[in-house]
Amino acid sequence: MANVVVVGAQWGDEGKGKIVDWLSERADVIARFQGGHNAGHTLVIDGEVYKLHALPSGVVRGGKLSVIGNGVVLDPWHLITEIGTLRGQGVAITPETLMIAENTPLILPFHGELDRARESQNSVAKIGTTGRGIGPCYEDKVGRRVIRVADLADDATLELRVDRALVHHDALRRGLGLGAIDRDGLLKQLREIAPEILAYAAPVWKVLNEKRKAGKRILFEGAQGALLDIDFGTYPFVTSSNVIAGQAATGVGMGPGAIDFVLGIVKAYTTRVGEGPFPTELEDADGQRLGERGHEFGTTTGRKRRCGWFDACLVRQTCATSGVSGISLTKLDVLDGFETLKICVGYTLDGEMLDYLPTAADQQARCTPIYEEIEGWSESTEGARSWADLPAQAIKYVRRIEELIDCPVALVSTSPEREDTILVTDPFAD
């Protein structure tokens, strides 16, 4: 059976949550493979709004196994709060429906404090972090001093891990003018939360490999977007993990052969939250209109998103680095009523034409978009569920995007509602 990876192919906020939820009907397992609760996925199901941050989007569907993989960094207190919120909305979450990898790193309170202190004191160039401790936790993982889910099961091991982390962090905190970490208080917090987290702990790598051998369909869910990838994003204005599709295998403990189809989620225009280059950004009435019609505010932070025209260069680039098999084009309905639309087909940099975004930050900032204009449409696409429901110009726009990014459209989303989706190619088809 086919296994599918879903990745954002822009700067995040592309509508991955809805598409993962829609695809999860065909899947047996939904596995989150990177990122933390800095991600925000909003699902609208029969008028009910569900906001997810740490939990996989498939958790709202009954009869599915949701997995938090080792590539994720997990705030245990946030997770328990999020589970409680969803239970209050009638979603059943139990150890039979949710599993956390035993080797998942834990975000602790001092990670968030360090994150926020650095950002507030950085007078050189702010990164635009959410301040939730994701970056510092990944640093501790690479520095071999992070506390992982399995460590909660043994008190002696937990104390050793905490002491090792505090040697590093107390020194950092002194340099930032912060007080020392309350060791006993932290251990008390961890001991209290441990039983709740350990109830979901499991050898995810083993379970998923067994599921695959049994012919079960696995849906791998990413967070953020490929342009925020630590290696291939607009560095340093990026997240602290690999976002591209190759991380799906590493982030849950499966080989790359487990991936059969990569679905890139692409908004019909472009948005970005936080700092960093954005070649097609609009600071005019069109940009304001996109933001208002698209309700462009971050699910996690509430920050207003920067808006701009569709950038085919960037999406072609991310389709290449993630090996995207097909894209899901979302929020097409936001473009309804524009007389003229623009698509970025390249850049000029110091008089030279480029068909990709360069790696150097100073060059990225100096890139000027080259636009192709395309006629818009006055009819509504909202709620369309087949090609026949779309205006001819809207179809032309979609087809032109396919040509420019050198990748076919597999799905088209025309509203936040689960069923307002046009299926062109089923990613789960064998």
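Buried, on this tour, means under 20% relative accessible area, and exposed means over 50%. Keep that cut-off in mind as you click through this predicted model.

**Stop 1: helix H6**

Start by selecting residues 183–198, which make up helix H6. Colour its buried residues: Leu186, Leu187, Leu190, Ile193, Ala194 and Ile197.

Now put a distance between the end C-alpha atoms of H6. They are 21 Å apart, and because 16 residues at 1.5 Å a residue should span 22 Å, the two values agree. Where does H6 kink? Go to Glu192, where there is a kink of about 30°.

**Stop 2**

Next, select Phe232, Gly233, Gln317, Leu357 and Thr359. Of the 14 residues lining the second largest pocket, these five are the closest to its centre. The pocket itself has a volume of about 200 Å³.

Which helix gives the largest share of this lining? Select residues 312–322, helix H10, which supplies three of the lining residues. If you colour the lining of this pocket by class, you will find six nonpolar residues, seven polar and one charged.

**Stop 3: the largest cavity**

Together they line the largest cavity, which holds about 30 Å³ of space. How many cavities of 30 Å³ or more does the structure hold? The count is one. Its lining has three nonpolar residues, three polar and one charged.

**Stop 4: the cysteines**

A disulfide is a covalent bond between the sulfur atoms of two cysteines. How many disulfides does a search of the whole structure find? It finds zero. Cys313 has the sulfur of Cys344 as its nearest cysteine sulfur, 5.1 Å away. With 1% relative accessibility, Cys313 counts as buried.

**Stop 5: backbone features in loops**

Here is a rule to carry along: most residues other than glycine have a negative phi, and most peptide bonds are trans.

Select Tyr235 and Pro236. The peptide bond that joins them is cis, with omega about 5°. Pro236 belongs to the loop between strand S8 (218–221) and helix H8 (247–250).

Then move to His295. Although His295 is not a glycine, its phi is positive, at about 50°. Look for it in the loop between H9 and strand S11 (306–308). Is His295 buried or exposed? At 61% relative accessibility, His295 counts as exposed.

Asp350 is another residue other than glycine with a positive phi, near 55°. Its loop runs between strand S14 (340–349) and strand S15 (352–354). Asp350 is exposed, with a relative accessible area of 60%.

**Stop 6: distances across the sequence**

- Select Gly376 and Thr340: they are 36 residues apart along the chain, and their C-alpha atoms are separated by 4.8 Å. Gly376 sits in the loop between strand S16 (368–375) and helix H12 (392–405), and counts as buried at 9% relative accessibility.
- Select Leu282 and Cys307: 25 residues separate them in sequence, and 6.0 Å in space. Leu282 is in the loop between strand S10 (270–272) and helix H9 (285–293), where its relative accessibility of 14% counts as buried.
- Select Gln247 and Phe220: they are 27 residues apart in sequence and 9.9 Å apart in space. Gln247 is part of helix H8 and is buried, with a relative accessible area of 15%.

Notes:
Residues numbered from 1 in each chain as written. Predicted model: local features only at pLDDT ≥ 70, side-chain atom pairs only at ≥ 80, totals over all residues. Heavy atoms only, no water. 1 Å grid on protein atoms, 1.4 Å probe; cavity = no way out; pocket = protein on both sides within 12 Å on 5 of 7 lines; lining within 4 Å. Points joined across faces, edges and corners; volume = space filled by probe spheres on them. Helix = DSSP H or I, 4+ residues; strand = E, 2+ residues; numbered from the N terminus. Nonpolar A, V, L, I, M, F, W, Y, C, P; charged D, E, K, R; others polar. Disulfide = S-S within 2.5 Å. Buried < 20%, exposed > 50% of the residue type's maximum accessible area, 1.4 Å probe, protein only. Expected span 1.5 Å × (residues − 1). Bend = angle between axes of the 7 residues up to and from the residue.
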